[in-house]
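Trainee: I am new to this structure, and I would like to go through it slowly with you. Could we look at it together?

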Amino acid sequence: MSRNSCLSKLCLLLCIVLLELRNTGASDDATQKNVLLLLADDAGFEMRSYLNKICQTPNLDKLAKESLLFNNAYTSASSCSPSRSAILTGLPSHQNGMYGLHQGVHHFNSFENVQSLPKILKRNNIKTGLIGKKHVGPSEVYPFDFERTEESYPILQVGRNITHIKLLVREFLSYNKTQPFFLLVAFHDPHRCGHTHPEYGNFCEKFGNGDVGMGTIPDWYPIYYQWDQVKVPYYVQDTEAARRDISAQYTTISRLDKGVGLVLEELENAGYKDDTLILYTSDNGIPFPNARTNLYDPGIAEPMMISSPIHNHRKNSVTYSMTSLLDIVPTILDWFNVTYENQSSDLDEVSPPQLTGKSLLPLLREGTHACNINGSMCYRLLAGSRCEIIDVPFVEPTENGTAIFASQTHHEVTMYYPMRAIRTKRHKLIHNINYRMPFPIDQDFYLSPTFQDLLNRTQKHEFLPWYKTLKQYYQRPEWELYDLKYDPEELNNIALKPSMRNTFVYLQERLFNWMKATKDPWMCAPDAVLQDTGVNKNDPQYDVINRANVKEYHCRQSRRFSSTHDAPCSGLVLAPYVSETRVTFCPGHRLSNEMYDDYNEYDAYDDYGPPDDQYDRTSYRQLPEIVRNFLVFLRNCINEGMIFEIQNLYENSFPKISEQLFDKSPWPEASTIAHLVDNDPVFLTLYKELYYRHIYARMQGPTLEQRLNSFYNYCDLFNYILHPETPVQLELPDQWLWELIDEFVYQFQSFAQYRANLSNKTPEEIDNLNAHNKIWDVLCVLNVLHYLVDKSKIKSQLEVYASGGDPDSVAGAFGRHSLYKMLGYFSLVGLLRLHSLLGDYYQAIKVLENVELYKKSAYSHVPGCQISTAYYVGFAYMMMRRYADAIRTFSGILLYIQRTKQLFATRSYQNDQINKQTEQMYHLLAICLVLHPQCIDEGLQQALRDKNYHEKMYKMQYGDLTEFENCFVFACPKFLSLTPPNPENPNEDYVREAIKHQTQVFMDEVIQQKMLPTIRSYLKLYTTLPLSKLATFMGSNSRSDESWDLDKEVNALTIHLLCFKHKMKNIVWTKGTSGLDGKFQSGSELDFYIDHDMIHIADTKVAHRYGDFFIRKILKFEELNRKLHHIKI
C-alpha cells in the first residue's frame, strides 16, 4: 500500500470521526442501548434543584446537574397504580383499565390486551427489569424478565432498604452484557407507612436508622430536621403538626436520595453510564392536602429530569416545555428506535389505541449537525456520499395551546370521585364528575398528623392557618376554571365569569376531544352514558347548537332510578356551561358531617367574604361584622405579640377584605373604629398607616389633606419608636416593616411629584402647599431613615457579621430587638432608593456597605425588599457604566422571580409593583446586554425571546437611539428634583425635568458607544487590519458622497477605537463587602493595539479551535506512519 493511499484513508477516517464528534444529535441510535427509570413514590419538589434549600438531596442535585430539568412536568393520574400504569403503557388510566389501586381488596387491573413497555421491549429483544414497588397488574400485561417486587418479597426490603436495592441492581446488571436493557427502579420512599407500619413512623423514617428494633441499612445515614426549619408548601396548613409531618418526610427523602446515588454508582461501576438514558420522576403528588388524589397542581406537578449520555450540551439546563408522564413511553421507544404502531398486531380492536404522548428526545437536542445531500437533510453519513455539514439550531418548541391532560377515577375502591382536567400554561379546567358527593379522603392521609390536625382544628373551631377550609376542600363544584397566571394557588374559580365563557367552552371542547380520542367511558358523565348501539356507539359527537348556545353530547341519557333499557336520547342537552342558578343542594339542606354544625357561626379570620347583602360599601355607620372581628383580633394579636397570627392577618386577611369590601373606597376612618380597640393609640397609628397606604394604592389619588395627614401619622409612629430610652414592646412581621419603610419613601416620592406639578393647581392649593413647605421635605425623610439606621446600629452589626463575629456584641439593646434591627436594615434599602431617585448613584451603592448583595442576607425572606434592592442596585451600576455588575444583578433577581413567580401572581398593590419592576429590569437587562454583550442563563434568554425583547435589542444594536430612549424612560425610576418649583413662575414641565436630565446623561453615553457593536463585528473577523480598510468598511454606505474623505474617516475611526478601548474597561465586583469594590476588567472578548496604520487584534478569551486540533493530530499520524515504515519486522 502506497504512502499516499494510506494517508488518504487515514484522512477519510479522521473526517468521519470529526463528523461524528460534531454530529452530537445526529446519530442517537449509534450508541444508545439502555434506559434506567428511577421512580419515586409520592415525592415532590423537595430538593435544592427545585429551590427547596432545606431538604438535603446531594445525589438528586448531582443528577440534576447532569440532566435536562423539567419545570412543567405533570402526571396523568394523581394516584399510585393508575399513574404507574400510565407511565408503563403511555395510555391514561381510564384507557388502560387501571381505574384505581391494584393491591388487596381494590384489585384494579389493566385490560389484558393493553400493550405495555416491558411487553413491547421484550418483543424487540431488550431485557427488562423491575426492582421495588410494582403496584400494577396483571403480570401478563406487565411481564418483566427480572422482577424483585412486593409480589414476591417484603415491600420494605425491595422498596426502602437501599442497600438491598443496590445489590439487586448489581445482580441485574451482571447478567447479559451485550443485550440492551430497560431497568425500572421503583422506590417506595417517601410514601407514608403510618397506616401499615406505625412502629417505623409516619413515613417509615425510622426504618433502618440503627435504633433498637428499627434495623440498620448500612448505606444510609439518616438526616434529621427541626420541625420549625422545614419549608411548608402553600397548600399545607402552617402548624406544628404539619411541620413535624414534613420533617419526617424529609428524613425519608434522604433515604430515597441516597438510594438514587447507590443505583447510579452501580450503573457506573458496571460500565453502563455512558450508554444509558436516565430518567427520574415521581408517580404523583405528595400525600398532603390538595396534592395526591387531587388534580390541582400540587397533585399532578412532578419533578422530572433526563440525563442523556450523548446530549452533553443540554446538561444542567432547564426546559419549560409542557410535559406529561404519558411522554415517557414514546421517549423510551424513540431511544430504542422501536415504533409503537407496530406493536399492536395482537389486538382484537378494529382501531387499536394510539399514544397521545410525544417523545422528549427532541428537547435534548440543543443544536444538531445534519448532512445536506442533494438538498435533502439526513442525520448520518451515507456510505459513498459526500456530505456538507449544516448547523440546525435548536429552538424550544413553541407551545401556543399545548396542553396536558389528567384523569382520576378511583384511588381506593371506595373512593369513587372521577375527575378529568386539561392544563395549559395559562389555564386549568377541572371537571368533577361526581361533584354531588364530598371529596373522599384516602386511608393513609386520613390517619396522618396533618389531616388529623385539620380535622381537630375545624371541629373545635380553632384558628386554622390554611388557605382553605375543610368545607371548601370537601364540597367542589362540577367545573373549576383557574387562570394560573394570576391565581397559581387555584383559589378563584372563574368558571362562572361571563368574560371567561369563551375560554371555558374552548377548554371544555378540547377536554372532551381528548376523552373521545382515549375512549374514556366517562366522556358523557355525569348526566349521560355512551350508547351501546347505533351510529354513535364508538363516535359520540360534540356539536355547537348556535340557537341554544350550548353544547350537545350524542350520548344516552342516564335516567336515575329507572330501567337501563330506556330508549337512547341522542339529543340530550348536558348544560356544559355551569349556570349561576343551578341548584346543587336542596334549600335548607345541612351537611351531615358533625364538624360543620354551626359552621356559619365560626369566625375564620383567614376566609373573609360575607354575602353582598351584609354590608353597605358607602356607609360606615354600621361596620360590617367581618371588619369588626378583624380589627379586634388584629389589635389583640399585636398587644400579645402573636407574630405568626399578625403575619397571617396582614398578608392574607387584610388584602382579602380590602379587595372584597374596599376595592374602590377607603377603609373606615380611625375615629370610626377607635371605640372597637379601646382608643389604643399605638394600634390606631398602625391602622392609619394601613388606611393611608390603601388610599394611595386603590384610590384615584390622595388629596393634599390626606397626604399631609399621612405624613403626620408617620411622624407619630417614628416618634413612638425612636424617642423612648428603651425599646418599645412592639413586634411586627418583617413583611410589614419592609412595606412600612418602602411606603414611607414612596409617599415622599409621590408628594414631590405632586408638588412639582403646579400647572393644574388652583391658587388656594398653591398657597396651602407653600404654607406646608416643610412637609415631606427631603432632609426630613433622610433624617428619619438615618436615625433608624443609627438607632439599630445595623451598620456595625453588618460589619461584625461580615468578619465572622457575633452581631449582638455590638447591637446594643435596640439593635438586638427585631423591630429596630429590621427597620434599620430596611432603612438602608430605603436610602438606596432615595439616593437613586436623586441621581446620586455612588452614594446609593455606598449606603449598602457590608451588605453582601450576592449572598443570602436579611432581606432574602422578604421578596419585595430583595427585588427592590436588586432593581436599584442594578440601575445604579448601569448608570455608573459597570455593566457586568448590572447584568449579574439583574440576571440573579430575574432568575429568582422566574422560579418563584407563583409568589407574585395574586393581586395586590405590592405584587403589582413587583411585576412592574420585573418588566423594568428586563428592559434594563436588554440595554446592558446591547452595551456590554455577554452570556446569560438560558432561562433568561428564553424569557427575553418570549417577551419579544430580541426585537428591541436588535434595533438598539443597530444604533436606534429612539429605542434606547424608550426603553430607558420605561425602565428608569421616577427621578426627583431636590428643590420645589417656583410658584411665581410655574414651569408646566418641571415635574419631568429630573427624568429628562437623567435620560440625557444616559443618551450621551449611548451615543458615544453607538458605533462599537459594528466595530466589534469587524474586528472579530481579522487578526490584523489596516485602519484605512476598516474605515472604508465603516463608511461603505456614504462613499458615493463627494464630501467623503478617507483621512477624516480614519481620524474619526481612531477616536471610535479609543472609545472602544475605554468603554470595554470597567470596574467589576469580585469580592468584598462593598458594592463599590472591584477590579478593572475588559468586557470584550477581543483586544487590539494600533501600530501606525495597522490594527493588531487578539482574542482575550481563547476558544478551542477544532481545526488546529485535528491538523496537529494528522501531523502526528503522519510521523507515526513514517516511523512504522522504518520498523523492520
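Predicted model: local features only at pLDDT ≥ 70, side-chain atom pairs only at ≥ 80, totals over all residues.

Trainee: What percentage of the residues in the protein is buried?

Mentor: The protein has 38 helices and 25 strands, where helices (H or I, at least four residues) and strands (E, at least two) are DSSP runs numbered from the N terminus. Buried means under 20% relative accessible area, exposed means over 50%, and partly exposed lies in between, with a 1.4 Å probe and protein chains only. Of the 1129 residues in the protein, the buried share is 53%.

Trainee: Is strand β3 enclosed or open, and how many of its residues are buried?

Mentor: Strand β3 covers residues 127-132 and is largely enclosed by the rest of the structure, because its buried residues number six of six.

Two strands pair if DSSP finds at least two bridges between them, and β3 runs parallel to strand β5 (residues 181-186), with six bridges joining them. It also pairs in the parallel sense with strand β4 (residues 146-149) over four bridges. The number of buried residues in β3 is six.

Trainee: Which residue of β4 is the bridge partner of G132?

Mentor: G132 has a bridge partner in β5, namely A186. In β4, the bridge partner of G132 is T149.

Trainee: How are helices α16 and α17 oriented to each other?

Mentor: Helix α16 (residues 625-640) and helix α17 (residues 643-661) have axes 11 Å apart and pack at an angle of about 160°; axes are lines fitted to C-alpha atoms, for helices over the stretch in contact, and angles run from 0 to 180 degrees between N-to-C directions. Angles under 35 degrees count as roughly parallel, over 145 as roughly antiparallel, 65 to 115 as roughly perpendicular and the rest as oblique. The two helices α16 and α17 are therefore roughly antiparallel.

Trainee: How many residues in the contact of α16 with α17 are nonpolar?

Mentor: Contact means heavy atoms within 4.5 Å, and residues including F630 and F633 in α16 meet residues including L649 and F654 in α17. Ala, Val, Leu, Ile, Met, Phe, Trp, Tyr, Cys and Pro count as nonpolar, Asp, Glu, Lys and Arg as charged, and the others, Gly among them, as polar. The contact of α16 with α17 has one charged residue, one polar residue and, as the number asked for, 12 nonpolar.

Trainee: What is the orientation of α19 to α21?

Mentor: The axes of helix α19 (residues 681-698) and helix α21 (residues 734-756) come within 11 Å and cross at roughly 55°. Helices α19 and α21 are therefore oblique.

Trainee: Which strands are the edge strands of the open sheet of four strands?

Mentor: This open sheet has the order β13-β14-β15-β16 with antiparallel pairing, and its twist averages 10° from one strand to the next. Within it, β14 (residues 419-423) and β15 (residues 427-432) pair over five bridges, and I422 stands opposite L429 in β15. Each edge strand pairs on one side only, and these are β13 (404-408) and β16 (479-483).

Trainee: Is A1098 buried, exposed or partly exposed?

Mentor: A1098 has its place in strand β25 (residues 1094-1099). Because its relative accessibility is 42%, A1098 counts as partly exposed.

How values were computed:
Residues numbered from 1 in each chain as written. Heavy atoms only, no water.
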